[in-house]
Amino acid sequence: MTTLRKLLLVGALLGAGAGVGTALFALVTPGEERKQAMLKEMPEQYPQRRDEAARTKELLLATLQEAAATQENVAWRKNWMSGGGGGGGGRSA
């Protein structure tokens, strides 16, 4: 009988916790109007930001392709976004 009582108590506590969590999630989640406003404010909506992000992705892809084609560790360069040269042959301690 004591075991059944403990199981019911644990079940009730877990249910109450799940209920509180669900209520908090419902309170924090933005409504549909707020979601639409947030989407309009996204940086990718602006052409200049979109072009900047595309350029950054191009540079990153070029760096990854160069790193795959060479034995040099391009992460040790002073300016790893620029091609060639290198940053002095290695990392200093």
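Me: What makes a patch on the surface here, and which residues form the nonpolar one?

Reply: Patches are made of residues with over 30% relative accessible area and no salt bridge; like charges are joined within 9 Å, and nonpolar side chains (Val, Leu, Ile, Met, Phe, Trp, Tyr) within 5 Å. Accessible areas come from the Shrake-Rupley method with a 1.4 Å probe, and for residues only the protein chains shown count as cover. In this predicted model, V20, L24, L27 and V28 form a nonpolar patch with about 440 Å² of accessible area together. L24 sits in helix α1, residues 2–28.

Me: Before we go on, what are the ground rules?

Reply: Since it's a predicted model, local features need pLDDT of at least 70 and side-chain atom pairs count only at pLDDT 80 or more, while totals for chains, interfaces and linings use all residues. Residues are numbered from 1 along each chain as its sequence is written, and side-chain values use heavy atoms, leaving out hydrogens and water.

Me: How many helices and strands does the chain have?

Reply: Helices (H or I, at least four residues) and strands (E, at least two) are DSSP runs, numbered from the N terminus. This chain has three helices and zero strands.

Me: Is T63 buried or exposed?

Reply: Buried means under 20% relative accessible area, exposed over 50%, and partly exposed in between (1.4 Å probe, protein chains only). T63 counts as buried because its relative accessibility is 8%. Its place is in helix α3, residues 47–69, and a polar atom of the T63 side chain lies 2.8 Å from the backbone oxygen of L59. Buried residues make up 5% of the 93 residues in the chain.

Me: Which side chains meet in a salt bridge?

Reply: Side chains of opposite charge can pair when their charged atoms come close. The rule wants a side-chain nitrogen of Lys or Arg within 4 Å of a carboxyl oxygen of Asp or Glu. The count comes to one salt bridge, where E58 and R55 meet at 3.8 Å, N to O. Both lie in helix α3, three residues apart, about one turn of the helix. E58 is partly exposed at 49%, and R55 is partly exposed at 47%.

Me: Where is confidence lowest and highest among the helices?

Reply: pLDDT is the predictor's confidence in each residue, from 0 to 100. Confidence is lowest in helix α2 (residues 32–40), at a mean of 84, and highest in α1, at 93.

Methods. A polar contact is a pair of N or O atoms within 3.5 Å; within protein, one must be able to donate a hydrogen and the other to accept it, and residues adjacent in sequence count only if both atoms are side-chain atoms.
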